[in-house]
Amino acid sequence: MSNLGGTFTFPGTGLTVHRMGFGAMQLPGKGVWGPPRDHEQALAVVREAVDSGIDHIDTADFYGPEIANQLIREALFPYPRRPVVVSKIGAKRGPDASWRPATSDDEIVAAIKRNVETLGLAKIDIVNVRLFDPSVPPAEVERMVRAVVSCVDRGLVGHVGMSNASAGQVRAAQGVAPIVCVQNHYNLIRRADDAMIDDLAAQGIPYVPFFPLGGFSPIQSGRLDELARRLDVTPMQLALAWLLARSPNVLLIPGTSSLAHLRENIAAASVEIPEEIARELNALAGKPVS
Ligand SMILES: NC(=O)c1ccc[n+]([C@@H]2O[C@H](COP(=O)([O-])OP(=O)(O)OC[C@H]3O[C@@H](n4cnc5c(N)ncnc54)[C@H](OP(=O)(O)O)[C@@H]3O)[C@@H](O)[C@H]2O)c1
């Protein structure tokens, strides 16, 4: 059985998770909208993830909307094995499936209450403040964090994280509350956050890359394919193994609607990358196609 990459504790929380987790964004239908193509398979993916020892699930009430949370609840309620559940606020979906900001205090509190209800949990362990854009000013970041803290005070939320945030925005948030994780766009090809990962590692704070496999356009690279063949693993497994090797504070939440992919992703946590292959992977930054 995979050791799921070992464990990491969200600082100051007592919440320890395996470094291989699960992202729920692929559970709803195409475009993260509406019911899944295969309802039973979606439930089976969530159940097998938890049965395999995954104890960190990332979600949002705007996935579906509400569909991802409902599927997690249907699969796991009453949560005899309770994973750490991380959700996020800051967005909503338009009737045309568009992604729109939802950042007022009222929208934030309402979104947290919706998460609690749709997941069937008394409390969301961690809520990430998901910023729409790097230009959100510090005062606005602080206000959004305060709105989540008001839900910590009401017992609806355990701890606060940040998402899609610059280093300066994370610092602004840290002025209001302890930030227990940062979830940003990062993978083998896209490494703008290298300095942030190291800075958070020094503070004992997990960095959780979203789109670890490239998201809506999974990473494509002839060189990655070739290196994966040499290790007898799939390119996506090598991309995940590289992330786990990147820094001990990196926690993974790859998203999948497929049992076969879930199993591959779990197995990726056991892939050892020899030094010479690691060097070649490190050189792939910014080179999506070779
Ligand atoms: N904070 C934010 O703003 C934000 C933004 C985006 C995502 N997220 C979170 O991050 C999680 C991860 O991101 P993501 O799900 O968008 O993207 P991802 O994990 O980078 O990639 C998911 C895509 O890769 C495919 N896939 C998964 N495992 C695979 C495998 N072993 N082999 C081949 N293809 C595979 C999936 O398709 P199949 O379903 O066919 O496997 C899907 O198309 C999300 O689930 C969500 O929880 C957060």
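**Sheet, hairpin, helix pairs and ligand shell**

In this predicted model, 7 strands line up into an open sheet, in the order β3-β4-β5-β8-β9-β10-β11, and the pairing is parallel. The edges of the sheet are taken by β3 (22–23) and β11 (207–210); each has a single partner strand, so one side of each is left without a neighbour in the sheet. What holds such neighbours together? Strands of a sheet pair through backbone hydrogen bonds, in either the parallel or the antiparallel sense.

Strand β1 (residues 7–10) and strand β2 (residues 15–18) run antiparallel and are joined by 4 bridges, with Thr9 standing opposite Thr16 in β2. Together β1 and β2 make a hairpin, with 4 residues between them. In the turn of this hairpin, Gly12 has a positive phi of about 70°.

Now for the helices. Helix α4 (residues 138–153) and helix α5 (residues 167–174) have axes that come within 8 Å and cross at roughly 50°. Angles from 65 to 115 degrees would count as roughly perpendicular and those under 35 as roughly parallel; α4 and α5 are therefore oblique to each other. Their crossing is right-handed. On the α4 side, the contact involves Pro138, Val141, Glu142 and Val145, which meet Gln169, Ala172 and Ala173 in α5. Sorted by class, this contact has 5 nonpolar residues, 1 polar and 1 charged.

A second pair is formed by helix α2 (residues 67–76) and helix α3 (residues 105–119), whose axes also come within 8 Å, crossing at roughly 35°. Here Asn69, Gln70, Ile72 and Arg73 of α2 make the contact with Asn115, Thr118 and Leu119 of α3. The residues of this contact split into 2 nonpolar, 4 polar and 1 charged.

Which residues are closest to the ligand? They are Gly23, Met25, Leu213, Gly255 and Thr256, out of 28 residues that surround the ligand. Gly23 also links back to the sheet, as β3 covers 22–23. The largest share of the shell, 3 residues, comes from helix α9 (residues 259–268). By class, the shell around the ligand has 10 nonpolar, 14 polar and 4 charged residues.

Notes: Residues are numbered from 1 along each chain as its sequence is written. This is a predicted model: local features need pLDDT of at least 70, side-chain atom pairs count only at pLDDT 80 or more; totals for chains, interfaces and linings use all residues. A residue is near a molecule or strand if its C-beta atom, placed from the backbone, lies within 6 Å of it. Helices (H or I, at least four residues) and strands (E, at least two) are DSSP runs, numbered from the N terminus. Ala, Val, Leu, Ile, Met, Phe, Trp, Tyr, Cys and Pro count as nonpolar, Asp, Glu, Lys and Arg as charged, and the others, Gly among them, as polar. Axes are lines fitted to C-alpha atoms, for helices over the stretch in contact, and angles run from 0 to 180 degrees between N-to-C directions. Angles under 35 degrees count as roughly parallel, over 145 as roughly antiparallel, 65 to 115 as roughly perpendicular and the rest as oblique. A crossing is left-handed if the near helix is turned anticlockwise from the far one by less than a right angle, and right-handed if clockwise. Two residues are in contact if their C-beta atoms, placed from the backbone, lie within 7 Å. Two strands pair if DSSP finds at least two bridges between them.
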